[in-house]
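Student: Could we go through the aromatic contacts and the helix packing in this structure, step by step?

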Amino acid sequence: MTESGFELAFGTNYVGPFLLTGMLLERLRESAPARIVNVSSIGHYRAEAIDYDAVRQRTKSLTGLPEYAVSKLGNVLHAQELARRLKGDGVTTYSLHPGAIASDVWRRVPWPARPLIKRRMRSPAEGARTSLYCATSPEVANESGHYYDDCRRKEPSAIATPQLAAELWDRSIAWVDLPP
């Protein structure tokens, strides 16, 4: 659990960035053109729904992957809802999959397996490519709310609907006590 009472992956990957973005939103509007880039994951496709009770409880799965998937779905939904709410303000939003990255996140994987699983992964520099593309490319400067993988626009999960994005937004605003 996070100190603020969220399941660890959801609190870290979704609620924290949601709050930070909310706190910076007026400054971003004043600084337009501006971009908000949410790092998600292809793992968001594994989320089947958002259990609003479960995101306020301890991680239940052994691996944490189902909870991770929900947190990354939240990032996709956040970018979509921000795009709707910021339309015409000069602020564009993006969510993306950086790829499987050979970072220190794998440090707890036992030795003979760790180098084997990291062998086919991208370096951290390669993993930053899509984030940088969304943050700086003139090609996507006028697009907003879309999901990207390998510097290409891709359809997000079918459950990433405007209705779910709006519901998550409303609940998130209440959770972090931001004005709507």
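Tutor: Let us begin with a term: a residue counts as buried when its relative accessible area is under 20%. Please keep in mind that this is a predicted model.

Student: Is Trp169 buried or exposed?
Tutor: The relative accessible area of Trp169 is 7%, and the cut-off for burial is under 20%. Trp169 therefore counts as buried.

Student: At what angle do helix 1 and helix 6 pack, and how are they oriented to each other?
Tutor: The axes of helix 1 (residues 8-30) and helix 6 (residues 162-176) are 10 Å apart, and the angle between the helices is about 85°. Angles of 65 to 115 degrees count as roughly perpendicular, so helix 1 and helix 6 are, at about 85°, roughly perpendicular.

Student: Which class does the ring pair of Phe18 and Trp169 belong to?
Tutor: The model has 10 aromatic pairs. In the pair of Phe18 and Trp169, the ring centres lie 5.2 Å apart and the planes stand at 75°. Planes over 60 degrees apart count as edge-to-face, so the pair of Phe18 and Trp169 is edge-to-face.

Student: How many residues apart in sequence are the parts that this pair ties together?
Tutor: Phe18 belongs to helix 1, whereas Trp169 belongs to helix 6. The pair therefore ties together parts whose separation in sequence is 151 residues.

Student: Which residue lies over the face of Tyr52?
Tutor: Tyr52 is part of a cluster linked by ring pairs, which also includes Phe18 and Trp169. At 3.9 Å from the ring centre of Tyr52, the residue over its face is Arg171.

Terms used:
Residues numbered from 1 in each chain as written. Predicted model: local features only at pLDDT ≥ 70, side-chain atom pairs only at ≥ 80, totals over all residues. Heavy atoms only, no water. Axes fitted to C-alpha atoms, helices over the stretch in contact; angles between N-to-C directions. Helix = DSSP H or I, 4+ residues; strand = E, 2+ residues; numbered from the N terminus. Parallel < 35°, antiparallel > 145°, perpendicular 65-115°, else oblique. Phe/Tyr/Trp six-rings, centres within 6.5 Å; stacked < 30°, edge-to-face > 60°. Buried < 20%, exposed > 50% of the residue type's maximum accessible area, 1.4 Å probe, protein only. Lys NZ or Arg CZ within 6 Å of the ring centre and 35° of its normal.
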